Amino acid sequence: MPQCSTVVSVHSIAMSYHSPFSLTTEGESMEKRSWAEPYKIKMVELIKMTTKPERQAAIVEAGYNTFLLKSEDVYIDLLTDSGVGAMSDRQWAGMMMGDEAYAGSRNFYHLQQTIQSYYSYKFTVPTHQGRGAENILSQLLISEGDYVPGNMYFTTTRLHQELAGGTFVDVIIDEAYDPSSKHPFKGNVDFDKLDRLVDEVGASRIPYICIATCVNMAGGQPISLSNLNALRVWCDKHDIVIVHDMTRVAENAYFIQQREEGCDSKTVRQIVKEICELTDVATMSSKKDAMVNIGGFLAMNDAKLYERACELVVVYEGLHTYGGMAGRDMEALAIGIGESVQDDHMQSRVGQVEYLWRQLDSAGVPLVRPCGGHAVFLDAQAILPHIPQEQFPAQALAASLYLESGIRAMERGAVSAGRDKSGANHLPELELVRLTIPRRVYTQAHMDVTAESVIRVMNCADQVKGLRFTYEPRVLRFFQARFEECT
Ligand SMILES: *Cc1c(COP(=O)(O)O)cnc(C)c1O
């Protein structure tokens, strides 16, 4: 672990900035315009800085896994954007309107109607969170031996596909694997890869393609409307369903508005609906875009599929009108969906992420570019070239950042990728540390401290050591694995 004394000030970097588009596209000179958060703060939660010896003890105790740290020992928590957003006063008011009836809660009907009007899907099955929806959907649509293409894997999504007997096939464009590529839509699907899969296994072995909006594992990178339109045509031709992992659809819609030709006059809300209308089924983790602490849903247009989903949800989640959610939580979710698609909200949401991204980029920190929607991704392999991927450079970098500053980030590299069916480690092309920004929680000053801390760690990167497992869970190992430093 580094003992670092170099301090690089980033406060000199301009505090006002361009619109997000001009930040991510070089050579553009746009009118400089600042934004401010479209809210003011009504309540605060106190946080406290720890000492370095305290953090040293905490990270060893946590087996160098930031998931195993106690939240009390964390200063700025950028582990995830999941379930950690700040609810609005209206959402809190909604919590008081919970109808906790076992069956037919009015909050369920409000939620279903909200999903119809903002997202277009006719039927809603609430679940305790996103993976609950993934479980039900995978069991309903996948048979043993099927192939499920997707625009890059997500940890829980792929696991449920495999548990149902399917094999995930990555069909994202190659640019998504190149952290330095500035492609504005790295979440796009590569149709050559899809055609090849159909040639190899036949369309009848492909029950659906899973499309994530603002692809998490690629660095929060969007898919374009034109790519999605082309996918609709391709899927109709082959009679393949499109499942939409819509966890971050609003962030994706915002990037379409900012980057895609002919879309700048549309609202985020309009683009969100257009995306959803191009797909058949959706799984949602409401803990991200929709700014609630817990919840999710499965949504679809097909009445027969809905009927079968209702049969399964009672087994795994709860009755089809609550599916593991309290009435009050469904109410807060319905309100959060409306807030999540507002243009001013998205501008400040992504604007804050880009503010951090730009500070780090100016200081020469190797990053995934362009900036993603929910997080800044550090290229751990480039920062720690002396650590082989088998010694988990991203895991080591996240641990070092915590030790240096009390900031908690997350590994998104070989540890998250897990092992394949033969037991071999997946060694993904992207070995990243994710600095994930919770929605409406931190200020610019927290971003300044974060940038300073990352730069300090980078400046003594050669002192960071690789890690090896002392305990490795069999599935989703990144959550609970423990490590020690390699000597
Ligand atoms: C978080 C997430 C999920 C799973 O949702 P949970 O609510 O954590 O179960 C699925 N897909 C993506 C892209 C996610 O980010």
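This is a predicted model: local features need pLDDT of at least 70, side-chain atom pairs count only at pLDDT 80 or more; totals for chains, interfaces and linings use all residues.
View 1. Asp195 belongs to helix 7 (residues 191-201). Helices (H or I, at least four residues) and strands (E, at least two) are DSSP runs, numbered from the N terminus. Asp195 counts as partly exposed because its relative accessibility is 32%; buried means under 20%, exposed over 50%, and partly exposed in between.

Residues are numbered from 1 along each chain as its sequence is written. Local features need pLDDT of at least 70, side-chain atom pairs count only at pLDDT 80 or more, and totals for chains, interfaces and linings use all residues, while side-chain values use heavy atoms, without hydrogens or water.

**View 2. Aromatic rings meet in pairs and in a cluster.** Rings of Phe, Tyr and Trp (its six-membered ring) pair if their centres lie within 6.5 Å; planes under 30 degrees apart are stacked, over 60 edge-to-face, and the rest tilted. By this rule there are 11 aromatic pairs. One of them joins Phe108 and Tyr109 edge-to-face, at 5.1 Å centre to centre and 75° between the planes. Phe108 is buried, with a relative accessible area of 2%. Tyr109 is partly exposed, at 46%. Phe392 and Phe483 also form an edge-to-face pair, with 5.8 Å between centres and 70° between planes. Phe392 lies in the loop between helix 14 (380-383) and helix 15 (393-405) and Phe483 in strand 14 (residues 482-485), so the pair ties together parts 91 residues apart in sequence. Both Phe392 and Phe483 are buried. Ring pairs also link Phe67, Phe478 and Phe479 into a cluster.

**View 3. Helix 6 (residues 155-163) is mostly covered.** Seven of its nine residues are buried. Among them are Thr155, Arg158, Leu159 and His160. Gly165 follows helix 6, and its phi is positive, near 100°.

View 4. Most residues other than glycine have a negative phi, and most peptide bonds are trans. The bond from Arg369 to Pro370 is cis, with omega near -5°. Pro370 sits in the loop between helix 13 (343-362) and strand 9 (375-379). Ser120 has a positive phi, near 85°. Its loop runs between helix 4 (106-119) and strand 2 (123-127). Ser120 is buried, at 18% relative accessible area. Met291 has a positive phi of about 60°. Met291 lies in the loop between strand 7 (281-285) and strand 8 (296-300). Met291 is buried, with a relative accessible area of 0%.

**View 5. Gln56 and Leu403 come together across the sequence.** Their C-alpha atoms are separated by 6.0 Å, although the residues are 347 apart along the chain. Gln56 is in helix 2 (residues 52-61). Gln56 is partly exposed, with a relative accessible area of 30%.

How values were computed:
Buried means under 20% relative accessible area, exposed over 50%, partly exposed in between (1.4 Å probe, protein chains only).
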